[in-house]
Every structure is written in C-alpha cells, then in structure tokens.
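Visitor: I would like to learn how to read a structure, one feature at a time. Where do we begin?

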Amino acid sequence: MAVNLDQALVDVAIDLLEKRFPGEEGIAAAMYTNDKEILTSVFFEPEWGSGMLCAETGAICEAEKLSKRIVASVCVSRQTGSSPILILTPCGICQERLFHWGQDVEVAVPTIGDGTKWDVKTLKEVQPYYWVNAFKQPDGRK
Ligand SMILES: [Zn+2]
C-alpha cells in the first residue's frame, strides 16, 4: 500500500499552527487529497464551548465542496506558546468523518512515548473493530 502521509504534510500543519497562532495555544490540520492537493484548517473555539469545531473540520468540508477525496490527515497541537507541538490522532468524530473516504485513509498518530513524533496508521489500523465492519463480508475486509 502506498504511503501518502509524509513529513512535508506534517510541516504544512506545523507552519499553519505557527503562523495562525504565534506564541499561543493552537490546533491545526493538513490533509492530502487524492490528487495531492493540500487542504488545511484550524480549530474553531467560540465563546460557547459546545460550538467548538475540530481542526480537521474545515479541510474535510473543503474536500467535500471540491468533490475530492482525503487520503491523508495530520493534526498538530500545542497547549501554550512554549509547549511542544504534539501530533494528535483524529478524535472519534473526525475518524467517523474521515471514514467517508474509506478505511485506508492515513492519519498521523503520536509515537508511543514521544508525542512530538509521528507514525502513520490507516483508519482500519486505528479502529480495527470499526462498527461498519459488521455489515461487510465475513472476513471483514472491503
Ligand atoms: Zn475531531
């Protein structure tokens, strides 16, 4: 299986985090589309906390608007301007959204023991017991 997610995509997410949230807390995402376009977005946190949107949301909506497929996603975060930049696995809701483009979508996950470093996992590796599998063939594969 071809690996799409690379350091260049991680760097785009980090650059956006640094530019949009200089010296402060921030969360940013970068994604490759099937035609290798890069879509980016940042988290949205209005005063009403429940209105918050994950950093991935904007890029996911942009892909849908452009009728493109997401093939890889990275999310980076830091809690303060002096905190290390950490790789975040997409949350459960974003995983559901990314599954729209199949179980082979690649996501960056923090390496075990060092959240500043990343590994690549497909969604099916992140969620081997994904609920939709119940509706698939007995071997569970698409
Ligand atoms: Zn999310």
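Guide: Begin with burial: a residue counts as buried under 20% relative accessible area, as exposed over 50%, and as partly exposed in between. This is a predicted model. Tyr130 has 7% relative accessibility, so Tyr130 counts as buried.

Visitor: Is Arg78 buried or exposed?

Guide: Arg78 has a relative accessible area of 4%, so Arg78 is buried. Arg78 belongs to strand 3, residues 70–78.

Visitor: What does the side chain of Arg78 reach?

Guide: The side chain of Arg78 reaches the backbone oxygen of Phe21, at 2.7 Å. Leaving aside residues up to four places away in sequence, Arg78 touches several others, including Leu17, Glu18, Pro22, Ser83 and Ile85.

Visitor: Which parts does the pair of Cys54 and Cys91 tie together?

Guide: Cys54 is in the loop between strand 2 (38–42) and helix 2 (57–66), and Cys91 is in the loop between strand 4 (86–87) and helix 3 (92–98), so the pair ties together parts that are 37 residues apart in sequence. Cys91 has 29% relative accessibility, so Cys91 counts as partly exposed.

Visitor: How many aromatic pairs does the structure hold?

Guide: The structure holds four aromatic pairs. One of them is Tyr130 with Trp131: the ring centres are 5.8 Å apart and the planes are at 55°, so this pair is tilted. The cut-off matters here, because planes have to be over 60 degrees apart to count as edge-to-face. Ring pairs link Phe99, Tyr130, Trp131 and Phe135 into a cluster.

Visitor: What sits over the ring of Tyr32?

Guide: The charged end of Lys36 does, 4.1 Å from the centre of the Tyr32 ring.

Visitor: One more lysine. Where does Lys136 lie?

Guide: Lys136 lies in the segment after helix 4 (123–126). With 24% relative accessibility, Lys136 counts as partly exposed. Separation can be read in two ways: Lys136 and His100 are 36 residues apart in sequence and, from C-alpha to C-alpha, 15 Å apart in space.

Technical notes: Residues are numbered from 1 along each chain as its sequence is written. This is a predicted model: local features need pLDDT of at least 70, side-chain atom pairs count only at pLDDT 80 or more; totals for chains, interfaces and linings use all residues. Side-chain values use heavy atoms; hydrogens and water are left out. Helices (H or I, at least four residues) and strands (E, at least two) are DSSP runs, numbered from the N terminus. Buried means under 20% relative accessible area, exposed over 50%, partly exposed in between (1.4 Å probe, protein chains only). Rings of Phe, Tyr and Trp (its six-membered ring) pair if their centres lie within 6.5 Å; planes under 30 degrees apart count as stacked, over 60 as edge-to-face and the rest as tilted. A charge sits over a ring if NZ of Lys or CZ of Arg is within 6 Å of the ring centre and within 35 degrees of the ring normal. A polar contact is a pair of N or O atoms within 3.5 Å; within protein, one must be able to donate a hydrogen and the other to accept it, and residues adjacent in sequence count only if both atoms are side-chain atoms. Contact means heavy atoms within 4.5 Å.
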